[in-house]
Amino acid sequence: MAIDLSMPILIVDDYATMIRIIRNLLGQIGFENVDDAADGSLALTKLRARKYALVISDWNMEPMTGYDLLREVRADPELAATPFIMVTAESKTENVIAAKKAGVNNYIVKPFNAQPLQNKIETVFASSAPAA
């Protein structure tokens with residue numbers, strides 16, 4: 001499936017090194033229109049100012065977690081349809097279930113490289129509706 005490599009992507013993580021890693025992985029895949037935010041509240045501000053085609057957010061952040069950001073995005077009619085991939089170091093079943101119930105499109109567990117990230121992105125855009 002062909003994905004628009006020029007689509008704007010927002011990376012949300014409170015750890016600058018992780019933002020750099022994800023940005024580099026996206027670059028390896030061919031994405032070049034990548035923005036970032038250091039926490040969920042900054043991400044919301046950016047999401048309301050610009051239309052992003054995809055959000056890739058860490059779960060564990062302060063003061064607003066990726067889970068809280070996901071819930072805010074899904075509750076906002078202007079943002080609700082934005083594809084959202086959650087990144088986490090934990091693969092706890094209850095977290096995956098909570099994220100799915102909140103409307104996450106996909107989930108990726110650290111560490112990962114470009115191929116699984118590309119697979120997750122392709123899966124998100126192959127299915128237009130959020131996971132139930």
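The model is predicted. Its largest nonpolar core has 22 residues, and another core, of 21 residues, lies apart from it. A search of the whole structure finds 4 salt bridges. Aromatic pairs come to 2.

**Nonpolar cores**

- In soluble globular proteins, nonpolar side chains tend to be buried together.
- The largest nonpolar core here holds 22 residues. Those with the most contacts inside this core are I22, L26, F31, I56, F112, L117 and I121.
- Two or more residues of this core come from each of β1 (9-12), α1 (16-29), β3, β4 (84-88) and α5 (114-126).
- Helix α1 gives the most, with 6 residues.
- F112 touches M18, I22, L25, V87 and L117, leaving aside its neighbours within four places in sequence.

**Aromatic cluster**

- The aromatic pairs number 2.
- W59 and Y67 are stacked, because their ring centres are 5.2 Å apart and their planes meet at 20°.
- W59 also pairs with Y107, and that pair is edge-to-face. Here the centres are 6.5 Å apart, with 65° between the planes.
- W59 sits in the loop between β3 (54-58) and α3 (66-75), while Y107 is in strand β5 (residues 106-109). The W59 and Y107 pair therefore ties together parts that are 48 residues apart in sequence.
- Ring pairs link W59, Y67 and Y107 into a cluster.
- W59 counts as buried, at 10% relative accessibility. Y107 counts as buried too, at 8%.

**Salt bridges**

- The whole structure has 4 salt bridges.
- R23 belongs to helix α1 and D36 to strand β2, so the pair ties together parts that are 13 residues apart in sequence.
- R23 is partly exposed, at 30% relative accessibility. D36 is partly exposed as well, at 24%.
- K46 is partly exposed, with a relative accessible area of 28%.
- K110 is in the loop between β5 and α5 and D58 is in strand β3, so the pair ties together parts that are 52 residues apart in sequence.
- K110 counts as partly exposed, at 23% relative accessibility. D58 counts as buried, at 5%.

- D39 is found in the loop between β2 (34-37) and α2 (40-49).
- D39 is buried but has no salt bridge. The nearest side chain of opposite charge is K46, 10 Å away. That separation rules out a bridge, because a salt bridge needs its nitrogen and carboxyl oxygen within 4 Å.
- The D39 side chain does make a polar contact with the side chain of S41, at 2.7 Å.
- The D39 side chain also reaches the backbone nitrogen of L42, at 2.9 Å.
- Beyond its neighbours within four places in sequence, D39 is in contact with V12, M61, E62 and P63.

**Cis peptide bonds**

- Most peptide bonds are trans.
- The bond from E62 to P63 is cis, with omega near -5°. P63 lies in the loop between β3 and α3. P63 is also one of the residues in contact with D39.
- The bond joining K110 and P111 is cis, with omega about -5°. P111 lies in the loop between β5 and α5.

Methods: Residues numbered from 1 in each chain as written. Predicted model: local features only at pLDDT ≥ 70, side-chain atom pairs only at ≥ 80, totals over all residues. Heavy atoms only, no water. Helix = DSSP H or I, 4+ residues; strand = E, 2+ residues; numbered from the N terminus. Buried < 20%, exposed > 50% of the residue type's maximum accessible area, 1.4 Å probe, protein only. Lys, Arg positive; Asp, Glu negative; His and termini not counted. Polar contact = N/O pair within 3.5 Å; in protein donor to acceptor, adjacent residues only side chain to side chain. Contact = heavy atoms within 4.5 Å. Phe/Tyr/Trp six-rings, centres within 6.5 Å; stacked < 30°, edge-to-face > 60°. Core = buried A, V, L, I, M, F, W, Y, C linked by side-chain atoms within 4.5 Å.
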